[in-house]
Amino acid sequence: MVVKVLQRIAQSGSIVIMSIHQPSYRILGLLDRLIFLSHGQAVYSGSPKNLPLFFSEFGHPISDSDNRTEFALDLIRELEESAEGTNSLVAFNRSWQSRKTPRNNTRNQLTLKEAISASISRGKLVSGAATDSNPTSSVRKFANPIWMEMVVIAKRSILNSVRMPELFGIRLGAVLITGIILATMFWHLDNSPRGVQERLGFFAFAMSTTFYTCAEAIPVFLQERHIFMRETTSNTYRRSSYVLSHSIISIPSLIFLSLAFAATTFWAVGLAGGTSGFLFFFFVISASFWAGNSFVTFLSGLVPHPMLGFIIVVAVLAYFLLFSGFFISRHRIPFYWLWFHYISLVKYPYEGVLQNEFDDPIKCFVRGTQIFDNTPLGLVPEALKVNLLKSFSSTLGVNITRSTCVTTGSDILKQQGITDLSKWSCLWITVAWGFFFRVLFYFTLLFRSKNKRR
């Protein structure tokens, strides 16, 4: 029964005010205090048990067969239709209240502000937006400190995740399936010109995939937007608490997804760097998930519908991939589009993993006759390729044999236009993008959900 729940809330120390029309006898027995209003004036205020005594002294006793509230409402309605109205009942209520209230109990009665302050001291989340300009007012704007708000919001979010484990399971399955497909598709790449091109394709697809899999975060805020609006309107918690708590609790799942993807692909593809290379690859994947999740969360605060959000996310991420430097290097991008290259979220993790793989001036990827690979001369006999190398050597004055290293990892980075940032700078910039979009999400909530009741 709803009224019983409200009674338990009141007994726990909170103030519960309820408006009800013609309550039944059972509901009447649950109420501590009853107020009848007529044209904005109180015609009765007191315990429901005192109704018979009150109307008996007023000259209209309630018989045992009558419902107390129905009798009172009928009498008030009759008085309202009379010439004098309810003025006599209002005056009688005032005198009756002054006579029936014991003087020795007045000192124990609390004002509304004092009652709210007492409720706050017991840890209740009470709407306490103070209208008093007095800085010494005991009623705070928010009932709890920010850390307590974050804990409560985090617990609720974790509970929702536990209740629906299939959401995280589906996302983990998608990441694992994508990793297995990439691992089997790019299995143990060699250090040849074709291996270089295949590595570039793997990195571009892997980095863009981490961002696309974050699109599932769009409906999260949209589904609870009405709850967020209602709770922040009543100052239940701060918007900053909501943003911080959701940011923190998203990190463990992102780390787990990153570890699953990195472990599935790194050694299967045959990437370089050993343990240190794997750790950096894992860090970049984690940063990409973080930046992508933050970007999608920010968009969810702007769009009104999930489908519109999905359309925008897919389009924008496609633009980010286009200007990342994979399809066209930075030096070849037109100057009027160069700004888009630098705001591309895919650019920085893509360049970071490329440097992690190719930033080795000793490791060779193109030797001797391999310079003819991926060209029409790649199909000619090997002996003819050797003769062509001898011709090049005599013309250039440099001895080029079948084992001569022509292109190192550093040369590949220069060809891709990756020379202005280190791999660690790319990592930290990706992480910074995540924080930047979380801040934008906070301002979106701040300005798109004003603290006003309509």
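Before anything else, one definition: when I say two residues are in contact, I mean that they have heavy atoms within 4.5 Å. Keep that in mind, and hello everyone. What we have on the screen is a predicted model.

Let's start with the whole protein. Among contacts between residues at least 6 apart in sequence, 70% join residues at least 24 apart. The protein has 19 helices and four strands. It is built from 454 residues, and 43% of them count as buried.

Now let's zoom in on a pair of helices. In general, two packed helices are described by the angle between their axes and the distance between the axes. Please find helix α9, residues 193–212, and helix α16, residues 347–358. Their axes come within 9 Å and cross at roughly 145 degrees. The crossing of α9 past α16 is right-handed. Which residues make the contact? From α9 we have Val196, Arg199, Leu200, Phe203, Ala204, Met207 and Phe211. On the α16 side, the partners are Pro349, Tyr350, Val353, Leu354, Glu357 and Phe358. If you sort the residues of this contact by type, you get 11 nonpolar, two charged and no polar.

Stay on α9 for a moment, and look for Ala206, which also sits in this helix. Is Ala206 buried or exposed? Its relative accessibility is 0%, so Ala206 counts as buried. Setting aside neighbours within four places in sequence, Ala206 is in contact with Leu182 and Phe261. Phe261 is 55 residues away from Ala206 in sequence, while their C-alpha atoms are 9.2 Å apart in space.

Next stop, helix α12, which covers residues 239–269 and holds Tyr242. Tyr242 has a relative accessibility of 3%, so this tyrosine counts as buried too. What surrounds Tyr242, leaving aside neighbours within four places in sequence? The contacts are Ile153, Phe221, Glu224, Phe228, Tyr237, Phe441 and Leu445. Here is another pair to look at: Tyr242 and Glu149 are 93 residues apart along the chain, yet their C-alpha atoms are separated by 7.9 Å.

Ile62 is placed between α3, residues 51–58, and α4, residues 68–81. Buried means under 20% relative accessible area. At 13% relative accessibility, Ile62 therefore counts as buried. Beyond its neighbours within four places in sequence, Ile62 is in contact with Leu51, Pro52, Phe55, Arg68 and Phe71. With Leu51, which is 11 residues away along the chain, the C-alpha separation is 8.4 Å.

Let's turn to the cysteines. A disulfide, in general, is a covalent bond between the sulfur atoms of two cysteines. How many disulfides are there in this model? The count comes to one disulfide. Cys364 and Cys405 form it, with their sulfur atoms 2.3 Å apart. This pair links distant parts of the chain, 41 residues apart: Cys364 is in strand β3, residues 364–367, and Cys405 is in strand β4, residues 405–408. The torsion about the S-S bond is about 110 degrees, so this disulfide is right-handed. Cys364 is buried, with a relative accessible area of 8%, whereas Cys405 counts as partly exposed at 32%.

Two further cysteines deserve a look. Cys214 is buried at a relative accessible area of 0%, and Cys426 is buried as well, at 1%.

Last topic: a pair of histidines with positive phi angles. His39 is in the loop between β1, residues 34–38, and β2, residues 41–46. Its phi is near 55 degrees, a positive value in a residue other than glycine. His39 is exposed, with a relative accessible area of 69%. The other one is His188, in the loop between α8, residues 165–185, and α9. His188 is not a glycine either, and has a positive phi of about 45 degrees. How accessible is His188? At 48% relative accessibility, His188 counts as partly exposed.

To finish, let me leave you with two views to revisit. One is the right-handed crossing of α9 past α16. The other is the disulfide between Cys364 and Cys405.

Definitions and conventions
Residues numbered from 1 in each chain as written. Predicted model: local features only at pLDDT ≥ 70, side-chain atom pairs only at ≥ 80, totals over all residues. Heavy atoms only, no water. Axes fitted to C-alpha atoms, helices over the stretch in contact; angles between N-to-C directions. Helix = DSSP H or I, 4+ residues; strand = E, 2+ residues; numbered from the N terminus. Left-handed = near helix turned anticlockwise from the far one by under 90°. Nonpolar A, V, L, I, M, F, W, Y, C, P; charged D, E, K, R; others polar. Buried < 20%, exposed > 50% of the residue type's maximum accessible area, 1.4 Å probe, protein only. Disulfide = S-S within 2.5 Å.
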